Amino acid sequence: MDKTYIAFDEVKKLYPDEWVLLGNPVMKNTSVFGGIVLYHSKDKKEVCYISRDKTADFSTVTIAFA
């Protein structure tokens with residue numbers, strides 16, 4: 001997958017109604033402003049399970065609902 005920063009507004013357009021795993025997210029408090037999309041799915045458990053294999057190269061990660 002491409003390792004390009006994407007603003008969260010764009011993430012919501014690309015993956016509506018899906019859970020998105022973001023690497024190196026830009027956040028303030030609990031608001032997500034963007035990050036590198038590592039994985040996405042309608043199933044939150046799937047994103048959580050898959051995240052173990054996708055996050056090694058990132059200092060921080062988060063899961064957000066688009």
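Predicted model: local features only at pLDDT ≥ 70, side-chain atom pairs only at ≥ 80, totals over all residues.
Visitor: Which residue stands opposite M27 in β3?
Guide: V32 does. Residues are numbered from 1 along each chain as its sequence is written, and side-chain values use heavy atoms, with hydrogens and water left out.

Visitor: How many bridges join β2 to β3?
Guide: Eight, and the two strands run antiparallel. Two strands pair if DSSP finds at least two bridges between them. The strands themselves are DSSP runs of E, at least two residues, and helices are runs of H or I, at least four; both are numbered from the N terminus.

Visitor: What is the bridge partner of L22 in β3?
Guide: V37.

Visitor: How many residues sit between the strands in that hairpin?
Guide: Two residues lie between β2 and β3. N29 is found in that loop. Its phi is positive, about 55 degrees, although N29 is not a glycine.

Visitor: What phi do most residues have?
Guide: Most residues other than glycine have a negative phi.

Visitor: Is N29 buried or exposed?
Guide: Exposed, with a relative accessible area of 72%. Buried means under 20% relative accessible area, exposed means over 50%, and partly exposed is in between, using a 1.4 Å probe and protein chains only.

Visitor: Where is D17, and what is its phi?
Guide: D17 is in the loop between α1 and β2. It has a positive phi of about 60 degrees and is not a glycine.

Visitor: Zooming out. What order do the strands take in the sheet?
Guide: The order is β1-β3-β2-β4, in an open sheet of four strands with antiparallel pairing. β1 (5-7) and β4 stand at the edges with a single partner strand each, so one side of each has no neighbour in the sheet. Neighbouring strands are turned by 50 degrees against each other on average, direction ignored. For such angles, axes are lines fitted to C-alpha atoms, for helices over the stretch in contact, and angles run from 0 to 180 degrees between N-to-C directions.

Visitor: How many bridges join β1 to β3?
Guide: Three, and the strands run antiparallel. A7 stands opposite G34 in β3.

Visitor: Which residues form the covered face of β4?
Guide: T62 and A64. The uncovered face has V61, I63 and F65. As for β3, it is mostly covered: eight of its 11 residues are buried.

Visitor: Where does helix α2 lie?
Guide: α2 (residues 44-54) lies across β2, β3 and β4. It runs at about 90 degrees to β3.

Visitor: Now the inside. Which residues make up the largest nonpolar core?
Guide: There are 10: I6, F8, V11, Y15, V20, L22, V32, V37, A64 and A66. A nonpolar core is a set of buried Ala, Val, Leu, Ile, Met, Phe, Trp, Tyr and Cys residues joined through side-chain atoms within 4.5 Å. α1 (8-14), β2 (19-28) and β3 (31-41) each give two or more residues to this core. A second, separate core has six residues, including I36, L38, Y39 and V47.

Visitor: What does I6 touch?
Guide: V11, L14, G34, G35 and V37, not counting residues up to four places away in sequence. Contact means heavy atoms within 4.5 Å.

Visitor: How many helices and strands does the chain have?
Guide: Two helices and four strands. From the N terminus on, they run β-α-β-β-α-β. The radius of gyration is 11 Å, close to the 11 Å from the globule rule for 66 residues, so the chain is as compact as a globular protein of that length. That radius is taken over C-alpha atoms, and the rule is 2.2 Å times the number of residues to the power 0.38.

Visitor: What share of the residues counts as buried?
Guide: 38% of the 66 residues.

Visitor: Last one. Where does D57 lie, and is it buried or exposed?
Guide: D57 lies in the loop between α2 and β4. It counts as exposed, at 63% relative accessibility. D57 and N24 are 33 residues apart in sequence and 9.5 Å apart in space, C-alpha to C-alpha.
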